[in-house]
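Please examine the structure shown below. The paragraphs that follow lead through it region by region.

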Amino acid sequence: MTDLSQYRAKSGSLKPVWTIEVQTLPDDTDRILDEVMKVHSLGYGRYQRNASISAVGLETSRPEQNSTTTTHVEGFEAGGTETYPMVELKISIDRDPGILEKVMDAIIHAHHYEEPVIFLREDWVSRAAYNPKSDNPNRWWNNGRGLPDRVE
């Protein structure tokens, strides 16, 4: 991957991060984020607890013999297909192995699976040339629409 650590523009800069993407149940995202927040602020600029959560999709698998499904689900036969609702929860952290260890431990502790599907990517994230008083007409405080309606 190209080293972008020296990238600078009027709009801002780029910072190296690890993006962690976790497949989980829709109702478990807050529990996972709460556990991660015990070890990392999930900061992004001047905001904390930053994450994205995809729309609900599906995950599917065929558990093998001696899996937790065949162990704990009465009558489930190895090789049968199971499909459940899931979302993709994405967070980013600094590329620091010590931080990664703590965040991964928190995710795996809070996750409902013994073998969660977690992807780790090396990414570059933008850091804007921050100006909370900007008169840019596209900013939410200037565009006449304001912030979108909150979900929660």
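**A guided reading of the model**

Ala129 belongs to the segment after strand 6 (118-128); helices (H or I, at least four residues) and strands (E, at least two) are DSSP runs, numbered from the N terminus. The model is a predicted one, in which local features need pLDDT of at least 70 and side-chain atom pairs count only at pLDDT 80 or more, while totals for chains, interfaces and linings use all residues. Residues are numbered from 1 along each chain as its sequence is written, and side-chain values use heavy atoms, with hydrogens and water left out.

Ala129 counts as partly exposed because its relative accessibility is 48%; on this scale, buried means under 20% relative accessible area, exposed over 50%, and partly exposed in between (1.4 Å probe, protein chains only). Although Ala129 and Ser11 are 118 residues apart along the chain, their C-alpha atoms are separated by 5.3 Å. When neighbours within four places in sequence are left aside, Ala129 is in contact (heavy atoms within 4.5 Å) with Lys10, Ser11 and Gly12.

Ala129 also takes part in the lining of the largest pocket, being one of the residues that lie nearest its centre, together with Tyr47, Ala128, Tyr130 and Asn131. A pocket is found on a 1 Å grid over the protein atoms alone: it is an open set of points where a 1.4 Å probe fits, with protein on both sides within 12 Å along at least five of seven lines, and its lining residues have an atom within 4 Å of a point. The volume of the largest pocket is about 580 Å³, a volume being the space filled by probe spheres set on the grid points, which are joined across faces, edges and corners. In total, 18 residues line this pocket. They divide into eight nonpolar, seven polar and three charged residues. In this division, Ala, Val, Leu, Ile, Met, Phe, Trp, Tyr, Cys and Pro count as nonpolar, Asp, Glu, Lys and Arg as charged, and the others, Gly among them, as polar.

The interior comes next. In soluble globular proteins, nonpolar side chains tend to be buried together. The largest nonpolar core has 15 residues, of which Ile20, Val36, Ile91, Ile93, Val103 and Ile107 touch the most other members; such a core is a set of buried Ala, Val, Leu, Ile, Met, Phe, Trp, Tyr and Cys residues joined through side-chain atoms within 4.5 Å. At least two residues of this core are supplied by each of strand 2 (12-24), helix 1 (29-37), strand 5 (82-94) and helix 3 (97-110). Helix 3 provides the largest share, five residues. Ile107 illustrates the packing: not counting residues up to four places away in sequence, it touches Ile20, Val22, Ile32, Val36, Ile91 and Ile118.

The loop between helix 1 and strand 3 (52-53) contains His40. Is His40 buried or exposed? His40 is buried, because its relative accessible area is 13%. Beyond its neighbours within four places in sequence, His40 is in contact with Ser92, Ile93, Ile99 and Val103. The side chain of His40 also reaches the backbone nitrogen of Leu42 at 2.8 Å, a polar contact (a pair of N or O atoms within 3.5 Å; within protein, one must be able to donate a hydrogen and the other to accept it, and residues adjacent in sequence count only if both atoms are side-chain atoms).

Val39 lies in the loop between helix 1 and strand 3 and is partly exposed, with a relative accessible area of 37%. Val39 touches Lys102, Val103 and Ala106, residues up to four places away in sequence not being counted. Arg49 has its place in the loop between helix 1 and strand 3, and its phi is positive, about 55°, although Arg49 is not a glycine. Most residues other than glycine have a negative phi.

A positive phi, near 70°, is also found at Asn66, in the loop between strand 4 (57-61) and helix 2 (68-72). Asn66 is exposed because its relative accessible area is 66%. Ser67 is found in the loop between strand 4 and helix 2, but Ser67 counts as buried at 16% relative accessibility. The side chain of Ser67 reaches the backbone oxygen of Glu64 at 2.9 Å.
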